[in-house]
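Here are my notes to go with the model, written as numbered points. Please keep the viewer open as you read.

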Amino acid sequence: MSTAQVPPVTAIGVPRITAGYDEYGRLDLQAHQEVHGGFAALTSGELIGLTDRIELRGRGGAGFPYARKVRAVIDSCKRQDLPPVIVVNATEGEPPSWKDKAILTRSPHLILDGAALAAAALDAEEIVIGIADDGIGQNSLTAALAERNMPCPTRIVTVPHRFISGEGGALVRGINGEAHIPPGRKVRSSDNGVMGLPTLLSNAETYSQLAIAARLGPWEYNSVGIPEEPGTVMLTVGGASSAPAVVEAPSGTPLMDVLTMCGADIGPGLLVGGYHGKWITAEQAKTVTISRKGFAKVGGTLGAGMLIPIGSKTCALGEVAQVVQYLAGESAGQCGPCRLGLPDLARAVTLVSLGGSALEQVRQAAGLVKGRGACSHPDGTSRFALSALEVFHKEVEAHANGEGCGKQTRGILPLPYTAEKGARKLALDWSRCDGHGLCSAVAPEIIRLDHNGFPAFPQTPLPPWLEDGARKAVNVCPALALRLIDPAAAH
């Protein structure tokens, strides 16, 4: 069971979730029991009491209190006279994030322990564990399930490795055999989740933290970290780092301790919380402690624990433009603000990166999608883009005055498709294009017409799920001006 695709894992202080990694690599059931020991089953009241006392919150990004989720599921079960389902969200579809995959591949029994505790306490009908179809962690999890008995039927469901597939509502829909996209309206999984049953849904690290807390008890668990956010936090440090890693650290740890450990070159900014997170400056990073409260003081967010320094060797605006283009392509296509507004935002950000005076267009496009989407995707994308232009204001000025930053876009911010063989991009032969506009009518999510009536589109490789639309646009061009090319052929 290879863990070669997962970054190295390390810890600051005494490891908890990552205990035994150095000695065993991956912990099978015997090693898991030697390192962590056993635990007693909990009643539903004990489960609520424990998670309340340790202030356990979801570690998938939203940070919702776990005890409140449990109460909501119990109330729904009583009201409907139905049994619950336990869902573990281990999909981790966001490109920069690796912490849940590290747990899947190295200590899968912690995830199963947490799910088993919740299932036994609530007398659940079933446990479902959602993972991405990239294969990372699947063999490890399957082997762990074969080594033990679970309190109820337990199955693994794979979902497409896409950004939006890991959203809670999208995961429930996927488990139910529907499209792996958010439901487009507010649906409480605690009321109507898997198979229509009340569903307790939280992410892989959350269940692992529950398993640790059940062994230690609230007093010992709370002895590490800060009082209002006790325990440890799993972080993914990537980007411009000489030693990228998944790091387990006590809450309250200075952010710079983690970044220094990983050899981070912060450059002009650091992305915190992932692609729905926010950018902060290098100066702000020096004042932050690892906690929700610590990041909030500088306007940032802990999110799912991603720390991505941009570094000093890449074009920051080019990096941002590529990610916004990717996020626009990740739209579920359910609402106008997402399906049409995000491509507009991506085009405006791209124009800024190319030296255009499109700052007001970015703000306008972001304003048109914020708060209007069927899910949180438009809001998160706007937050990412607007905070980038604020933090990288010097780079914006340099590009706008024609000098540019003099740097290439090196791909410091990871994307899932640029490295894939066959990922292609659109190209236009300007000597042939007559501005018919048919291409934009066929593929409006990719191509728009500029003020002169000619097509404008991102200059980066297309996400695979947008290639069909691009191919249709190529086929309808009467002047044969539009082409799909291999990016390597353009250099």
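1. Let me start with a threonine. Leaving aside neighbours within four places in sequence, Thr350 is in contact with Ala321 and Gln325, where contact means heavy atoms within 4.5 Å. Thr350 sits in helix H14 (residues 336–353); helices (H or I, at least four residues) and strands (E, at least two) are DSSP runs, numbered from the N terminus. Thr350 counts as buried because its relative accessibility is 11%; buried means under 20% relative accessible area, exposed over 50%, and partly exposed in between (1.4 Å probe, protein chains only). A polar atom of the Thr350 side chain lies 2.8 Å from the backbone oxygen of Ala346.

2. A word on what you are looking at. This is a predicted model, in which local features need pLDDT of at least 70 and side-chain atom pairs count only at pLDDT 80 or more, while totals for chains, interfaces and linings use all residues. Residues are numbered from 1 along each chain as its sequence is written, and side-chain values use heavy atoms, with hydrogens and water left out.

3. Next, a helix pair. How do H13 and H16 run relative to each other? The axes of helix H13 (residues 316–329) and helix H16 (residues 377–391) cross at roughly 170 degrees and come within 11 Å; axes are lines fitted to C-alpha atoms, for helices over the stretch in contact, and angles run from 0 to 180 degrees between N-to-C directions. H13 and H16 are therefore roughly antiparallel, on a scale where angles under 35 degrees count as roughly parallel, over 145 as roughly antiparallel, 65 to 115 as roughly perpendicular and the rest as oblique. From H13, Leu317, Val320, Val323, Val324 and Leu327 meet His377, Thr381, Phe384, Ala385, Ala388 and Leu389 of H16. The residues of this contact divide into nine nonpolar, two polar and no charged; Ala, Val, Leu, Ile, Met, Phe, Trp, Tyr, Cys and Pro count as nonpolar, Asp, Glu, Lys and Arg as charged, and the others, Gly among them, as polar.

4. The side chains of His276 and His377 are joined by a polar contact of 3.0 Å. His276 belongs to the loop between strand E10 (270–272) and strand E11 (278–280), and it is buried because its relative accessible area is 18%. Beyond four places in sequence, His276 touches Glu94, Phe163, Ser376, His377, Gly380, Thr381 and Arg383.

5. Please turn to H6, which has two helix partners here. Helix H6 (residues 108–122) packs with helix H7 (residues 138–146) at an angle of about 60 degrees, their axes 9 Å apart, and the two are therefore oblique to each other. Pro108, His109 and Leu112 in H6 meet Ser140, Leu141, Ala144 and Leu145 in H7. This contact counts five nonpolar, two polar and no charged residues. With helix H2 (residues 29–36), the angle is about 75 degrees and the axes are 9 Å apart, which makes H2 roughly perpendicular to H6. Leu29, His32 and His36 of H2 make the contact with His109, Leu110 and Asp113 of H6, giving two nonpolar, three polar and one charged.

6. Arg215 lies in helix H9 (residues 204–221). Not counting residues up to four places away in sequence, Arg215 touches His32, His36, Gly37, Gly38, Phe39, Leu110 and Asp113. The Arg215 side chain reaches the backbone oxygen of His36 at 3.2 Å.

7. Finally, some loop residues. Which backbone angle stands out at Glu55? Glu55 has a positive phi of about 55 degrees although it is not a glycine, and it lies in the loop between helix H3 (44–53) and helix H4 (66–80). Asp81, in the loop between H4 and strand E2 (85–90), also has a positive phi, near 55 degrees. Glu55 is partly exposed at 38% relative accessibility, whereas Asp81 is exposed at 69%.

How values were computed:
Polar contact = N/O pair within 3.5 Å; in protein donor to acceptor, adjacent residues only side chain to side chain.
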